Amino acid sequence: MELTVDVTRILYRNDNSKYVIFSGMTKVSKIDRNGKSRKVKSKEVFKGTFFSLFENDTLKVEGDWREDDLYGKEFVVDAYSKVLPQDQKGIEKFLTRSVAGIGEKKARAITEAWGVSALSKITEG
């Protein structure tokens, strides 16, 4: 199963093994009063191995729902990819968190010069 999730809070992180448990907002199918299935935003718990994960990241995750005897329903992540931000503010946050040596001022200067295409210009060289 594949989901898109916005990371809201890191609950546990092991820096050695890169194992992380976090809560996040995602759309899940719920049955309404009329018996129809519809997608609604829901706060859920996710766990897995993540090499670079921050609060406010958006991820596409693959895995399965599992019921933990102690903690309840959790999504166990087998694979993931980061969804890159599409707006200027998001790109600035991404650059300051993900690229060593880029602070807020330099990130702002980059996005002011290149706008929302800043990440593609950086990766293209």
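Which helix gives the most to the lining of the largest pocket? Helix α1 (residues 88-98) does, with 4 residues. Helices here are DSSP runs of H or I with at least four residues, strands are runs of E with at least two, and both are numbered from the N terminus.

This is a predicted model, so local features need pLDDT of at least 70, side-chain atom pairs count only at pLDDT 80 or more, and totals for chains, interfaces and linings use all residues. Residues are numbered from 1 along each chain as its sequence is written, and side-chain values use heavy atoms, with hydrogens and water left out.

Start with the rings. Rings of Phe, Tyr and Trp (its six-membered ring) pair if their centres lie within 6.5 Å; planes under 30 degrees apart are stacked, over 60 edge-to-face, and the rest tilted. The count comes to 7 aromatic pairs. F46 and W65 have ring centres 6.2 Å apart and planes at 45°, so this pair is tilted. F46 sits in strand β3 (residues 37-49) and W65 in strand β4 (residues 58-68), so the pair ties together parts 19 residues apart in sequence.

W65 also pairs with F75. Their ring centres are 5.0 Å apart and the planes stand at 80°, so the pair is edge-to-face. F75 belongs to strand β5 (residues 72-82) and W65 to β4, so this contact joins parts 10 residues apart in sequence. Ring pairs link F22, F46, F50, W65, F75 and Y80 into a cluster.

How accessible are these rings? Buried means under 20% relative accessible area, exposed over 50%, and partly exposed in between (1.4 Å probe, protein chains only). F46 is buried at 0%. F75 is buried at 0%. W65 is partly exposed at 27%. K73 lies over the face of W65, 4.6 Å from the ring centre; the rule asks for NZ of Lys or CZ of Arg within 6 Å of the centre and within 35 degrees of the ring normal.

Next comes the core. A nonpolar core is a set of buried Ala, Val, Leu, Ile, Met, Phe, Trp, Tyr and Cys residues joined through side-chain atoms within 4.5 Å. The largest has 13 residues, of which F22, F46, F50, L53, L59 and V61 touch the most other members. Strands β1 (2-14), β2 (19-31), β4 and β5 each supply at least two residues of this core. β1 gives the most, with 4 residues.
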